[in-house]
Amino acid sequence: MTTAKKTTAGRQGFKTGEAVVYPAHGVGRIVAIEEQEIAGYKLELFVVSFEKDKMVLRVPTAKANSVGMRKLAEPDVVKKALDLLTGRARIKRTMWSRRAQEYEAKINSGDLLSVTEVVRDLFRSEAQPEQSYSERQLYEAALDRVVREISSVNRITETEALKLIEQSLAKSPRRGKNEVEAESDAEQDGDDLQEEAA
């Protein structure tokens with residue numbers, strides 16, 4: 001009886017078969033809980049499978065919370081995330097390299113609302129100029145994380161989750177083409193200055 005209680009506490013409420021979010025990789029599923037002996041110590045590990053990435057991760061059960069592994073977001077958080085997408089993009093007037101680092105940190109935070117902010121801020125409609133390669137990479141990484149989590153929470157396909165996201169983005173106030181172009185020019189100037197300094 002006491003061992004069962006201890007094990008559940010050590011596993012921090014996570015169980016086999018459950019979908020979880022791992023900050024650096026997004027939504028995965030706990031496929032097993034196994035014990036391994038490492039340097040003479042018995043270690044209990046969550047075996048987390050990321051099917052889409054064809055990757056398996058082993059996370060010590062005692063460290064799951066400290067590494068930021070968490071349960072899927074609650075439905076009200078998903079609703080808040082979709083509402084967030086209807087808001088105005090908040091773009092800081094700093095150099096792209098600094099903003100890119102901030103976006104990367106938000107994506108890897110594992111926090112659904114932070115990742116959703118990246119999707120909102122980097123989204124470009126058809127009428128707007130092309131994104132740079134690095135901007136598109138970050139946008140797609142953030143979008144993929146949000147799609148996977150919303151599809152898991154709402155128990156819908158990733159295609160349906162993407163439609164929900166696109167509908168929310170369509171409601172957002174779009175920045176004018178000139179505003180985006182001016183920003184791109186300013187970024188380009190900043191990038192040119194960085195290259196000259198290098």
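**Contacts, fold and helix packing**

Mentor: Among contacts in the protein chain between residues at least 6 apart in sequence, where contact means heavy atoms within 4.5 Å, 57% join residues at least 24 apart.

Trainee: What should I know about the model and its numbering?
Mentor: This is a predicted model, in which local features need pLDDT of at least 70 and side-chain atom pairs count only at pLDDT 80 or more, while totals for chains, interfaces and linings use all residues. Residues are numbered from 1 along each chain as its sequence is written, and side-chain values use heavy atoms, with hydrogens and water left out.

Trainee: How many helices and strands are there?
Mentor: The protein chain has seven helices and five strands, taken as DSSP runs numbered from the N terminus (helices are H or I with at least four residues, strands are E with at least two). Along the sequence they follow the pattern α-β-β-β-β-β-α-α-α-α-α-α.

Trainee: What share of the residues is buried?
Mentor: Of the 198 residues in the protein chain, 37% count as buried, a term for under 20% relative accessible area, with exposed for over 50% and partly exposed in between (1.4 Å probe, protein chains only).

Trainee: And Met55, where is that found?
Mentor: Met55 is found in strand E4, which covers residues 55–60, and counts as partly exposed because its relative accessibility is 23%. Leaving aside residues up to four places away in sequence, Met55 touches His25, Val48, Ser49 and Phe50.

Trainee: Switching to helices, at what angle do H2 and H4 pack?
Mentor: Helix H2 (residues 75–84) and helix H4 (residues 112–122) pack at about 20°, with their axes 9 Å apart; the axes are lines fitted to C-alpha atoms over the stretch in contact, and angles run from 0 to 180 degrees between N-to-C directions. H2 and H4 are therefore roughly parallel, since angles under 35 degrees count as roughly parallel, over 145 as roughly antiparallel, 65 to 115 as roughly perpendicular and the rest as oblique.

Trainee: Which residues meet there?
Mentor: Val77, Val78, Lys80, Ala81 and Leu84 in H2 meet Leu112, Leu113, Thr116, Glu117 and Arg120 in H4.

Trainee: What about H3 and H4, how do their axes cross?
Mentor: The axes of H3 (residues 96–109) and H4 come within 7 Å and cross at roughly 140°, which makes H3 oblique to H4. Among the residues that meet, Trp96 and Tyr103 are in H3, and Val115 and Val118 are in H4.
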